[in-house]
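Q: Could you take me through this one, a piece at a time? I will ask as we go.

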Amino acid sequence: MVTQGRLVLAATPLGEIGDASPRLREALGSAEIVAAEDTRRTRSLADALGVEIRGRVVSFYDHVESARVPVLLEEIAAGRTVLLVTDAGMPSVSDPGFRLVAACAERDLPVTCLPGPSAVTTALALSALPVDRFCFDGFAPRKSGRRKEWLGTLVSERRACVFFEAPHRLAECLADAVEVLGGDRRAAVCRELTKTYEEVVRGTLAELAEWAADGVRGEITVVLEGASPTVAEPEDLVAQVEERAAAGLRLKEASAEIAEIAGVSRRELYDAVLAARRAATE
């Protein structure tokens with residue numbers, strides 16, 4: 001009888017080798033297959049940890065992920081342990097891994113995770129911003145037009161937003177953020193987290209854009225403060241209610257939904273919609 005294997009996701013150090021967990025060390029030495037985003041970096045990591053990788057090492061980066069998934073699924077189904085590691089941080093979080101995890105879940109194959117370093121949570125903790133509620137948006141769009149559209153979705157976002165940015169695009173990204181979100185919104189730019197030249201620069205978007213204008217190096221994670229609550233008037237929300245009503249919601253349901261989001265009275269908003277409809281027919 002074949003014993004079912006499993007997929008093991010393992011977080012790897014962002015830079016400080018001492019952040020590697022004992023469980024990561026054990027898994028690197030015992031897994032039958034190690035699927036690595038960069039095989040050379042994974043072997044270097046193992047050497048630094050004093051671990052001998054006894055299993056087969058295969059590449060698992062963006063361009064080969066789809067082709068590797070069926071093969072690794074069969075290995076797991078055949079009873080082997082597949083360890084998935086990326087270059088730094090947690091697999092599947094803006095790194096390869098999602099497709100393999102989803103495929104394992106679909107076939108009811110065991111998946112477990114060895115928790116550890118993450119640039120997302122590390123930056124949030126260091127930001128000195130309110131981050132009890134946050135969203136993660138991966139990498140900011142590369143093109144300015146797309147980036148401004150994305151920033152537009154954050155204008156009224158009450159949660160803190162954490163995202164990655166390439167160092168050579170940071171200045172442009174922050175300048176766009178000033179234009180779309182205003183210069184007074186607070187943020188933190190976290191550079192080279194856990195590494196020798198770790199730096200966290202906090203301030204308003206205007207201050208950070210000026211700081212970044214001369215160029216920045218290293219791995220960048222940005223934490224953006226959530227939008228301040230604003231008091232909306234029911235009359236200003238009528239169009240949003242009508243959009244939801246046109247999409248199929250009952251008027252009372254649409255009014256209740258928008259009222260909850262905006263923090264206004266359901267009854268007052270419902271009455272405002274009815275008044276606007278009456279005015280339109282007069």
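Q: To start, where does Asp 176 sit?
A: Asp 176 is placed in helix α7, residues 170-181, where helices (H or I, at least four residues) and strands (E, at least two) are DSSP runs numbered from the N terminus. This is a predicted model, in which local features need pLDDT of at least 70, side-chain atom pairs count only at pLDDT 80 or more, and totals for chains, interfaces and linings use all residues. Residues are numbered from 1 along each chain as its sequence is written, and side-chain values use heavy atoms, with hydrogens and water left out.

Q: Is Asp 176 buried or exposed?
A: Asp 176 is buried, because its relative accessible area is 7%, and buried means under 20%, exposed over 50% and partly exposed in between, with a 1.4 Å probe and protein chains only.

Q: And which residues does Asp 176 touch?
A: Not counting residues up to four places away in sequence, Asp 176 touches Ser 144, Arg 147, Lys 148 and Leu 151, a contact being heavy atoms within 4.5 Å.

Q: Which residues line the largest cavity?
A: Its lining consists of Leu 151, Phe 163, Cys 173, Leu 174, Ala 177, Leu 181, Leu 205, Val 222 and Leu 224. On a 1 Å grid over the protein atoms alone, a cavity is a set of points where a 1.4 Å probe fits but cannot get out, a pocket is an open set with protein on both sides within 12 Å along at least five of seven lines, and lining residues have an atom within 4 Å of a point. The largest share of this cavity lining, four residues, comes from α7.

Q: What is the lining of that largest cavity like by class?
A: It has nine nonpolar, no polar and no charged residues, with Ala, Val, Leu, Ile, Met, Phe, Trp, Tyr, Cys and Pro counted as nonpolar, Asp, Glu, Lys and Arg as charged, and the others, Gly among them, as polar.

Q: Switching to the largest pocket, what lines it?
A: The largest pocket is lined by 26 residues, of which Ala 88, Asp 95, Ala 119, Phe 164 and Glu 219 lie nearest its centre. The elements giving two or more residues to that lining are α5 (119-126), β7 (160-165) and β10 (220-224). By class, the pocket lining has 13 nonpolar, five polar and eight charged residues.

Q: How many aromatic pairs are there?
A: There are three aromatic pairs, counting rings of Phe, Tyr and Trp (its six-membered ring) whose centres lie within 6.5 Å, with planes under 30 degrees apart taken as stacked, over 60 as edge-to-face and the rest as tilted. In one of them, Phe 139 and Phe 164 have ring centres 5.4 Å apart and planes at 65 degrees, so the pair is edge-to-face. This pair links distant parts of the chain, with Phe 139 in strand β6 (residues 134-139) and Phe 164 in strand β7, 25 residues apart.

Q: How accessible is Phe 139, and what about Phe 164?
A: Phe 139 is partly exposed, with a relative accessible area of 48%, whereas Phe 164 is buried, at 11%.

Q: What about Trp 150 and Phe 163?
A: Their ring centres are 4.9 Å apart and their planes at 85 degrees, so this pair is edge-to-face. Trp 150 lies in helix α6 (residues 144-152) and Phe 163 in strand β7, so the pair ties together parts 13 residues apart in sequence.
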